[in-house]
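User: I have a new structure here and want to get my bearings. Can we walk through it together?

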Amino acid sequence: MHLLLLSNSTQYGRGYLEHARDAVTGFLPPNARLAFVPYALADHDAYTAKVRTALADAGIDVRGVHEGGDPVARLAEADAVFVGGGNSFRLLSALYRTGLREALIERVGAGLPYMGASAGTNMAAPSLRTTNDMPIVQPPSFAALGMVPFQINPHYLDPDPHSTHKGETREERLTEFLEENDVPVLALREGSWLRVDGDRATVEGERDARLFTRGAAPREVPAGSDVSALLTVTGRFDTPARR
């Protein structure tokens with residue numbers, strides 16, 4: 001399996017995908033026909049045009065899966081797939097509705113390179129449970145694509161010791177997740193990404209990641225770290241910790 005899972009598609013002060021440009025172009029096959037899945041945003045045409053513009057000078061032929069009638073057929077023609085960011089609930093609901101969920105599991109499992117950003121990265125995990133998004137729609141299930149056996153939290157924000165906000169921090173929310181589920185969570189700060197090639201997984205990018213596991217304090221995962229051991233975990237959902 002070949003995965004490039006970006007925390008974010010736009011970095012502050014830079015253009016779309018600019019911060020990960022070398023990683024993206026190095027990951028995609030030369031002159032690739034790239035199937036783009038735009039369903040996390042409402043305007044599919046505008047979203048696809050944005051990706052097409054960003055990758056045009058790299059020789060990547062971007063084709064929206066919504067263009068031409070049958071999204072599964074568009075995926076079948078592709079050399080790689082990119083699932084874009086936006087609202088994860090809307091995205092997963094659309095994957096179920098169009099049949100793309102099953103098609104992606106099959107094709108990516110057979111070797112089709114999969115690139116995700118934000119919500120598209122959430123899709124690679126077993127479940128939607130560690131997304132940051134509001135459930136603006138209700139998908140048939142929280143079960144995502146399960147391309148990796150652990151959870152991912154894109155756009156991870158560190159607690160601000162000077163904040164007067166009294167809502168939960170991201171760290172507290174992920175700790176709550178682990179109180180009910182025994183599944184590691186790799187938290188990707190903006191500017192970082194996860195690269196998976198077969199049985200090897202590496203944290204890459206400009207910033208470190210953070211790993212949350214039940215029964216242990218969160219630990220830093222420096223950029224460049226081999227996290228292949230995470231590919232061998234067996235997650236257990238709906239398994240409350242002893243109180």
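This is a predicted model: local features need pLDDT of at least 70, side-chain atom pairs count only at pLDDT 80 or more; totals for chains, interfaces and linings use all residues.

User: Sheets, then. What is the strand order in the open sheet of 7 strands?

Analyst: The order is β3-β2-β4-β5-β1-β8-β9, and the pairing is mixed.

User: Which strands stand at the edges there?

Analyst: β3 (61-64) and β9 (200-205) do. Each has a single partner strand, so one side of each has no neighbour in the sheet. From one strand to the next, the twist averages 20°.

User: Do β4 and β5 pair in the parallel or the antiparallel sense?

Analyst: Parallel, over 3 bridges. β4 covers residues 80-83 and β5 covers residues 114-117.

User: And which residue in β5 is the bridge partner of Val81?

Analyst: Tyr114. Both Val81 and Tyr114 come back when we get to the cores.

User: Next, the open sheet of 4 strands. What is the order in that one?

Analyst: β6-β7-β10-β11, again with mixed pairing. The edge strands are β6 (151-156) and β11 (219-221), each pairing on one side only. Here the twist averages 30° from strand to strand.

User: How many bridges join β10 and β11?

Analyst: There are 3, and the two strands run antiparallel. β10 spans residues 209-212. Leu211 has Arg219 in β11 as its bridge partner.

User: Which helix packs on that sheet?

Analyst: Helix α7, residues 170-180. α7 touches β6, β7 (185-189) and β10. The direction of α7 makes about 170° with that of β6.

User: Which residues of α7 are buried?

Analyst: Arg170, Leu174, Phe177 and Leu178. They cover an arc of only 95° around the axis, so they sit on the same side of α7.

User: Why would residues a few places apart end up pointing the same way?

Analyst: An α-helix has 3.6 residues a turn, so residues three or four places apart point the same way.

User: What covers those buried residues of α7?

Analyst: The cover includes β6, β7 and β10.

User: Let's zoom in on Leu178. Why does it count as buried?

Analyst: Its relative accessible area is 7%, and the cut-off for buried is under 20%.

User: What is Leu178 in contact with, leaving aside neighbours within four places in sequence?

Analyst: Val183, Phe212, Thr213 and Arg214.

User: How far apart are Leu178 and Thr53?

Analyst: They are 125 residues apart in sequence and 40 Å apart in space, C-alpha to C-alpha.

User: New topic: Arg74. Where does it lie?

Analyst: In helix α3, residues 71-76.

User: Buried or exposed?

Analyst: Arg74 counts as buried, because its relative accessibility is 19% and the limit is under 20%. Not counting residues up to four places away in sequence, Arg74 touches Ala35, Gly64, Val65, Glu67, Gly68 and Gly69.

User: Now the cores. How many residues are in the largest nonpolar core?

Analyst: It has 43 residues. Val81, Leu91, Leu95, Leu104, Tyr114 and Leu194 have the most contacts inside it.

User: Which helix gives the most to this core?

Analyst: Helix α4, residues 88-98, with 6 residues.

User: What does Leu104 touch, beyond residues up to four places away?

Analyst: Leu75, Val81, Leu95, Gly109, Leu145 and Met147.

User: Which residues are in the second core?

Analyst: This separate core has 23 residues, including Val24, Ile60, Val62 and Ala117.

Conventions. Residues are numbered from 1 along each chain as its sequence is written. Side-chain values use heavy atoms; hydrogens and water are left out. Two strands pair if DSSP finds at least two bridges between them. Axes are lines fitted to C-alpha atoms, for helices over the stretch in contact, and angles run from 0 to 180 degrees between N-to-C directions. Contact means heavy atoms within 4.5 Å. Buried means under 20% relative accessible area, exposed over 50%, partly exposed in between (1.4 Å probe, protein chains only). The arc is that of the directions from the helix axis to the C-beta atoms. A nonpolar core is a set of buried Ala, Val, Leu, Ile, Met, Phe, Trp, Tyr and Cys residues joined through side-chain atoms within 4.5 Å.
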